[in-house]
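Please look over the sequence and the 3D structure shown here before reading on.

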Amino acid sequence: MRMFELLRRPRAALDAPVWLSRATMILVVLVAAMAPLVSAPYVNFDRSMVLVYIVVGLGLNLLTGNTGQISLGHGFFFALGAYLSAVLVENHGVPYLLLIPIAFAVGYVVGYLFGLPALRLHGLQLALATLGLALVTPAVIKRFEPVTDGQAGINIFGAEAPEFTGLARDQWIYYLCLVVALVAYLVVRRLATGRIGRSLIAIRDYEAVATTLGVPGTRTKTTIFAFSAALAGVGGVLYSFVVQYVGPEAFGLPLAIAFITMIVVGGLGTVPGVVFGAFFVVYVPQWTADINQSAAGITYGVALILFIFVLPYGVISLVRQGFGPVVARIPGRRRSGPGAAGPARPPTPGGGPGAVAEREADESAATQLRTL
């Protein structure tokens, strides 16, 4: 029972020195940059898919973990980016590198327009509204057959590596995904730990109080939803480059469940947790399929139940628990202030005095609001 309580306890972010954080980041990037040069193409494919999921997960975690808005419809924006890439590259000859900013802009606009009415809903209502978006995505793709080729899908033969690089296609696509994922990681981390991040936490936990103190709740949530949708669109473009095929069956409800599983397993509200979640959704179903083909289909469901009841703060809480005592002994640690990121918490649908009382044990909203 004590072990169960320890697993369910929130953990503060590692208060590591600046030099250690930067050195760790540089080391991880160097290892990731060297990996495709010594790996087989199928290994680079899997790692590229991890990077694709990281891009999508960063935006979704910012929306769900930091803002408390549960979205099950990001598969739609993912499909929008993938088909935008396929149609423009294959049918209109648009340079494939231009698809990344185009998909970001289109995803942002569509996400903003959808978020304006949708984010007036809360909790279960919003989840059901976005679930409907996920359910209709394959049907919408099939309906516009003159553009999307319907059930047949579209093969993508572009995105070849430039000759001057001397790289194989799988290596070039991996590096392209790595650069985009790294940029998205730095931007989202900056948003989540700065003034905007404190505003999001205030809206998530005490929206009425935050609005009273001048935080524009509806506009902020809509903007974050649009930004999250834009990252999903960029992820869809990268997906089309990696897989070289887009079809309607790839963007159904299982994809939405995979996205949610990723941020729950990694740790809601934590940027590094997205990386752990992305590795989970790519590799764990493959391992279970090797054991039993039918086991792969229930992996996400079992993982969601297990993590919600046993490890609600995700894999990142185990990392913090394991390395926290070690980091605490390192001299020159950063002092935790009012703006320091607190432990990640699963968003509680709805609100009211009961939900507020339950959350007060984790951190003080007054401290967050005083820093705005």
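A helix in this briefing is a DSSP run of H or I with at least four residues, and helices are numbered from the N terminus. The model is predicted, and within it G57 has its place in helix α3, which covers residues 41-66.

**The surroundings of G57**
- G57 has a relative accessibility of 0%, and because buried means under 20%, this residue counts as buried.
- Leaving aside residues up to four places away in sequence, G57 touches M262, I263 and V274.
- Although G57 and M262 are 205 residues apart in sequence, their C-alpha atoms are 6.9 Å apart in space.

**The crossing of α3 and α12**
- The axes of α3 and helix α12 (residues 271-291) come within 8 Å and cross at roughly 135 degrees, and the two helices are therefore oblique to each other.
- This crossing of α3 and α12 is right-handed.
- On the α3 side the contacts include G57, Y53 and N61, while the residues they meet in α12 include V274, F279 and Q286, to name some from each list.

**Helix α6**
- Helix α6, made of the 20 residues 124-143, reaches 29 Å from its first C-alpha to its last, which is close to the 28 Å expected at 1.5 Å a residue.
- At V136, shortly before the proline P138, α6 has a kink of about 40 degrees.
- P138 is also one of the buried residues of α6, among them L126, T130, L133 and I141.
- These buried residues pack against α4 (74-92), α5 (99-118), α7 (145-148) and α11 (253-266).

Note on methods
Residues are numbered from 1 along each chain as its sequence is written. This is a predicted model: local features need pLDDT of at least 70, side-chain atom pairs count only at pLDDT 80 or more; totals for chains, interfaces and linings use all residues. Side-chain values use heavy atoms; hydrogens and water are left out. The expected span of a helix is 1.5 Å times one less than its number of residues. The bend at a residue is the angle between axes fitted to the seven residues ending there and the seven starting there. Buried means under 20% relative accessible area, exposed over 50%, partly exposed in between (1.4 Å probe, protein chains only). Contact means heavy atoms within 4.5 Å. Axes are lines fitted to C-alpha atoms, for helices over the stretch in contact, and angles run from 0 to 180 degrees between N-to-C directions. Angles under 35 degrees count as roughly parallel, over 145 as roughly antiparallel, 65 to 115 as roughly perpendicular and the rest as oblique. A crossing is left-handed if the near helix is turned anticlockwise from the far one by less than a right angle, and right-handed if clockwise.
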